[in-house]
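Work through the exercises below with the sequence and the model open. Try each task before reading its solution.

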Amino acid sequence: MLSISNYSNHILENVSFTLNEKEDLIILGENGAGKSTLSKVLSYLIKNNSVTIFDENISKIEDKKRVEYINYIPSTLEVFDEYITVYEFLELCFIDKIQKKRIDEVISLIGIEEIKNRPCKELSSGEQKLLLLASSMIHNAKITIFDELTANMDISRVKEVYTLFKMPYLQQKIIITHNLDLAFHLKYKILYLNEGKIKFFGTSEEFFSKENLDKFYNSSLKIVNNHLVVNL
């Protein structure tokens, strides 16, 4: 279980919600709404005492135990060594000892065999996203937060990510995205932020009703043949 109670800072205002165990969540909102800030608060990258995770206040949890509970995957890949390869980067993702078999399994599953020996600095933006996804699967925290994972991904790769998210390779997931069609099809719980305030928290079915689409997107979206499209 993950909860936040009455949290405010210079971006977020009085944020409170509870995500039950085994529930996945999608965080939506316009640029600047506070999505990334919220994710960093939930994962304690922004220190606070307003978050409770698995019945413990996050500020009281030791670092090693906290990373077993929650893992934040940023929107861009950052490496400390320009020569580190994809495989070497993945070796760093284990909380305890390295398991070569697990790394090989994830590389095969995501389909990045061809780049596993390349320096991370040479990867395209889409390849970097796949590496971040692979790292999350190897780390395999109880809750993983993805910040704009599918940005700059080819459509075929987005479909592969969707398939992986629907299968039990990861535990609980929190996904920040601007891809509304992906959000629509994943059917996760939805949290919608606007100017740092929660304007909606509920089921996917409720959020993607015509009434709420008109309310939050100014009647610019509609559902056609089970896909979310721009209402031109």
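V106 lies in helix α4. The model is predicted: local features need pLDDT of at least 70, side-chain atom pairs count only at pLDDT 80 or more, and totals for chains, interfaces and linings use all residues. Residues are numbered from 1 along each chain as its sequence is written, and side-chain values use heavy atoms, with hydrogens and water left out.

**Exercise 1. Is V106 buried or exposed, and what does V106 touch?**

Solution. 
- Step 1: Find the element. Helices (H or I, at least four residues) and strands (E, at least two) are DSSP runs, numbered from the N terminus. V106 is in α4, which spans residues 100–110.
- Step 2: Check accessibility. Buried means under 20% relative accessible area, exposed over 50%, partly exposed in between (1.4 Å probe, protein chains only). V106 has a relative accessible area of 1%, so V106 is buried.
- Step 3: List contacts (heavy atoms within 4.5 Å). Leaving out residues up to four places away in sequence, V106 touches A134, M137 and I138.
- Step 4: Compare sequence and space. V106 and A134 are 28 residues apart in sequence, yet 6.2 Å apart from C-alpha to C-alpha.

**Exercise 2. Which residues of α4 are buried, and what do they pack against?**

Solution. 
- Step 1: Pick out the buried residues. They are I103, V106, I107 and I110.
- Step 2: Look down the axis. These residues cover an arc of only 100 degrees, which puts them on the same side of α4. The arc is taken from the directions from the helix axis to the C-beta atoms.
- Step 3: Name the partners. The buried residues pack against α3 (86–91), α5 (125–139) and α6 (155–166).

**Exercise 3. Describe how α4 and α5 pack.**

Solution. 
- Step 1: Take the angle and distance. The helices pack at about 140 degrees, with their axes 10 Å apart. Axes are lines fitted to C-alpha atoms, for helices over the stretch in contact, and angles run from 0 to 180 degrees between N-to-C directions.
- Step 2: Classify the angle. Under 35 degrees counts as roughly parallel, over 145 as roughly antiparallel, 65 to 115 as roughly perpendicular and the rest as oblique. α4 and α5 are therefore oblique to each other.
- Step 3: Assign the hand. The crossing of α4 and α5 is right-handed, meaning that the near helix is turned clockwise from the far one by less than a right angle.
- Step 4: List the contact residues. α4 supplies R102, I103, V106, L109 and I110, and α5 supplies L130, L133, A134, M137 and I138.
- Step 5: Sort by class. The contact has 9 nonpolar, no polar and 1 charged residues. Ala, Val, Leu, Ile, Met, Phe, Trp, Tyr, Cys and Pro count as nonpolar, Asp, Glu, Lys and Arg as charged, and the others, Gly among them, as polar.

**Exercise 4. Where do N6, Y44, G111 and N140 sit, each with its positive phi?**

Solution. 
- Step 1: Recall the background. Most residues other than glycine have a negative phi.
- Step 2: N6 is in strand β1 (residues 2–7), and its phi is about 50 degrees.
- Step 3: Check the helix ends. G111 follows α4, and its phi is near 80 degrees.
- Step 4: N140 lies in the loop between α5 and β7 (143–147). Its phi is about 55 degrees. N140 is partly exposed, at 30% relative accessible area.
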